[in-house]
Amino acid sequence: MDNEVSAGSATSTTLGHLALGLTLLAFGVGNTGVIDNVAASDAASLATWVGGVALFIVGLLEFRAGNGGTGTAFAGLGAFWFTWGTGAGAEVSAEAAGLFLLLFALLALTLTAASAGSGVFGQGVYGLLFVSMLLLAIASFAQNDGLAKAGGWVGAVAGLAAWYGATAALAHWPTFTGRAAGRGVTATG
């Protein structure tokens with residue numbers, strides 16, 4: 001590791017948002033039922049390795065760099081995705097699944113509140129994630145496919161927003177803040 005580059009950086013934050021975005025997009029689309037023969041459980045491998053392991057490692061790098069908020073977000077969400085991915089397809093009650101989703105909806109709510117002022121790609125992604133997890137939890141408790149699909153759509157939009165934010169940081173695209181993202185940040189750090 002280069003001595004002048006910290007373990008966590010804008011580049012690792014971008015990687016974290018990219019991992020979160022792709023995982024949320026796959027999970028969300030799987031819950032919508034919009035693609036034949038594709039279910040949320042089909043995203044289990046992506047959720048385990050990209051959303052779980054990679055996101056958790058990026059969270060640790062962010063903690064090491066002194067970025068407690070981003071570290072908490074990525075490590076916490078990495079734990080969620082790893083747990084969900086390794087348990088996808090397991091026989092659990094609807095109530096247990098609903099409680100799991102509700103607990104992580106609370107994490108997303110905490111992240112939403114903690115990211116106040118960070119704009120659409122911070123607070124917006126976490127806010128949409130909260131709504132998605134809450135809808136999916138209620139759908140699980142009520143065994144309501146319509147709410148599950150709605151939660152999937154909200155999750156997919158959150159994934160697209162996280163993906164766009166990460167891509168904007170790398171490609172210097174606009175981020176709806178009046179300036180391009182990623183100025184001064186390169187793909188190599």
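This briefing walks through the fold, the core, the aromatic pairs and a few single residues of the structure above.

This is a predicted model, in which local features need pLDDT of at least 70 and side-chain atom pairs count only at pLDDT 80 or more, while totals for chains, interfaces and linings use all residues. Residues are numbered from 1 along each chain as its sequence is written, and side-chain values use heavy atoms, with hydrogens and water left out. The protein comes to 6 helices and 0 strands, and 42% of its 189 residues count as buried.

**Confidence**

- The protein averages a pLDDT of 86, and 87% of the residues score at least 70; pLDDT is the predictor's confidence in each residue, from 0 to 100.
- Confidence is lowest in H1, at a mean of 91, and highest in H4, at 95.
- Over residues 1-8 pLDDT stays under 50, and the model has 9 contacts beyond four places in sequence for them.
- Where pLDDT is low, the predicted coordinates should not be read in detail.

**Fold and helices**

- Read from the N terminus on, the elements run α-α-α-α-α-α; helices (H or I, at least four residues) and strands (E, at least two) are DSSP runs, numbered from the N terminus.
- Of the contacts with a separation of 6 or more, 64% are between residues 24 or more positions apart; contact means heavy atoms within 4.5 Å.
- H3 has 20 residues, which at 1.5 Å a residue should span 28 Å, and its end C-alpha atoms are 28 Å apart, which agrees; the expected span of a helix is 1.5 Å times one less than its number of residues.
- H6 has 27 residues and should span 39 Å at 1.5 Å a residue; its end C-alpha atoms are 38 Å apart, which agrees.
- Asn144 caps the N-terminal end of H6, with a side-chain oxygen 2.9 Å from the backbone nitrogen of Gly146.
- Just after H3, Gly89 takes a positive phi of about 90°, and just after H6, His172 takes a positive phi of about 60°.

**Nonpolar core**

- The largest nonpolar core has 33 residues, of which Leu20, Leu77, Trp81 and Trp84 touch the most other members.
- Such a core is a set of buried Ala, Val, Leu, Ile, Met, Phe, Trp, Tyr and Cys residues joined through side-chain atoms within 4.5 Å.
- At least two residues of this core come from each of helix H1 (10-32), helix H2 (44-64), H3, H4, helix H5 (120-142) and helix H6 (145-171).
- H5 supplies the largest share of this core, 8 residues.
- The buried residues of H3 include Gly71, Gly76, Leu77, Gly78, Phe80, Trp81, Trp84 and Gly85; buried means under 20% relative accessible area, exposed over 50%, partly exposed in between (1.4 Å probe, protein chains only).

**Aromatic pairs**

- A pair of aromatic rings is described by the distance of the centres and the angle of the planes.
- The structure holds 9 aromatic pairs; rings of Phe, Tyr and Trp (its six-membered ring) pair if their centres lie within 6.5 Å, and planes under 30 degrees apart count as stacked, over 60 as edge-to-face and the rest as tilted.
- One of them joins Phe80 and Trp81 edge-to-face, at 4.6 Å centre to centre and 65° between the planes.
- Phe80 counts as buried because its relative accessibility is 2%, and Trp81 is buried at 0%.
- Phe80 also pairs with Phe104 in a tilted arrangement, 4.7 Å centre to centre with 50° between the planes.
- This pair links distant parts of the chain, since Phe80 is in helix H3 (residues 68-87) and Phe104 in helix H4 (residues 94-114), 24 residues apart.
- Phe80 and Phe104 are both buried.
- Ring pairs link Phe27, Phe80, Trp81, Trp84, Phe100 and Phe104 into a cluster.
- Leaving aside neighbours within four places in sequence, Trp84 is in contact with Phe27, Ala40, Ser41, Ala43, Ala44, Ala47 and Phe100.

**Two more residues**

- His17 sits in helix H1 and counts as buried at 18% relative accessibility.
- Not counting residues up to four places away in sequence, His17 touches Phe74, Phe121, Tyr126, Ala162, Trp163 and Ala166.
- Ala113 is found in helix H4 and counts as exposed, at 56% relative accessibility.

Definitions and conventions
A polar contact is a pair of N or O atoms within 3.5 Å; within protein, one must be able to donate a hydrogen and the other to accept it, and residues adjacent in sequence count only if both atoms are side-chain atoms.
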